[in-house]
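Morning, everyone. Please look at the model on the screen while I talk.

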Amino acid sequence: MEEEKDIKTYARKNSVPIMQEDGIEFMLQYIKEHNVKKVLEIGTAIGYSTIKFAKAREDILVTSIEIDIDRHIQARQNVADCGLSDRITLINGDAMTVELEDKFDLIFIDAAKAQYIKFFEKYKNNLTEDGVIFSDNLSFHGMVEDLSLTHNYSTIKLVKKIRKYVEFLKQNQEFETTFYSLGDGVSISKRRTN
């Protein structure tokens with residue numbers, strides 16, 4: 001528990017985005033209730049949620065991809081400090097070019113917001129039959145609902161991309177998505193059964 005607190009403090013001090021508490025608690029609950037064994041995380045940052053997922057149950061395996069080398073190195077250290085290197089595989093690379101054969105019960109998208117649709121389309125084939133895709137930051141500090149909360153040009157562009165992703169999820173014929181106003185806005189997408 002001490003390590004997780006330290007990671008959180010480090011994240012706050014160094015402006016590393018980590019998942020909000022009620023969002024992560026909701027995910028951990030889902031992992032426990034749905035017997036999730038394998039998790040793929042797109043966007044490790046420094047490993048906070050990665051470690052939380054692995055600690056949710058003794059038999060969980062987590063694979064996590066991070067493009068930023070410094071964050072990847074920090075995550076590797078944090079995972080080792082928590083004694084979880086045997087159950088967590090950390091990949092340093094661009095999630096758009098990483099190729100994985102494995103199937104996962106849960107895929108968590110929490111990386112470059114502008115790439116969410118591409119991540120979703122690329123990794124949906126790595127889902128197990130009953131697997132789900134979790135997406136985070138769909139509210140983006142309330143700006144998705146209310147764009148007047150920012151006047152920053154690049155933030156406005158980003159928020160518009162998140163809105164596009166939300167629309168993509170709503171219109172998706174292959175997946176059914178449920179939205180939750182927890183944390184910074186999360187969603188669960190599950191393959192439709194015919």
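I'll take the strands, then the cores.

This is a predicted model, where local features need pLDDT of at least 70, side-chain atom pairs count only at pLDDT 80 or more, and totals for chains, interfaces and linings use all residues. Residues are numbered from 1 along each chain as its sequence is written, and side-chain values use heavy atoms, with hydrogens and water left out.

Start with strand S2, residues 61-66. Helices here are DSSP runs of H or I with at least four residues, strands runs of E with at least two, numbered from the N terminus. Is S2 enclosed or open? Of its 6 residues, 5 are buried, so S2 is largely enclosed by the rest of the structure. Buried means under 20% relative accessible area, with a 1.4 Å probe and protein chains only.

Now its partners. Strands pair if DSSP finds at least two bridges between them. S1, residues 38-42, runs parallel to S2 over 5 bridges. There, Ile42 sits opposite Ile65. S2 also pairs with S3, parallel, over 5 bridges. Ser64 has Leu90 as its bridge partner.

Next, the cores. A nonpolar core joins buried Ala, Val, Leu, Ile, Met, Phe, Trp, Tyr and Cys residues through side-chain atoms within 4.5 Å. The largest has 27 residues; Val39 and Phe53 are among those with the most contacts inside it. Helices H2, H3 and H4 each give two or more residues to this core, and so do strands S3, S4 and S5. A second, separate core has 23 residues, including Tyr165 and Phe168.

Last, Val39. What does Val39 touch? Its contacts (heavy atoms within 4.5 Å) include Ile31, Phe53 and Leu106, leaving out residues up to four places away in sequence.

Notes: Buried < 20%, exposed > 50% of the residue type's maximum accessible area, 1.4 Å probe, protein only.
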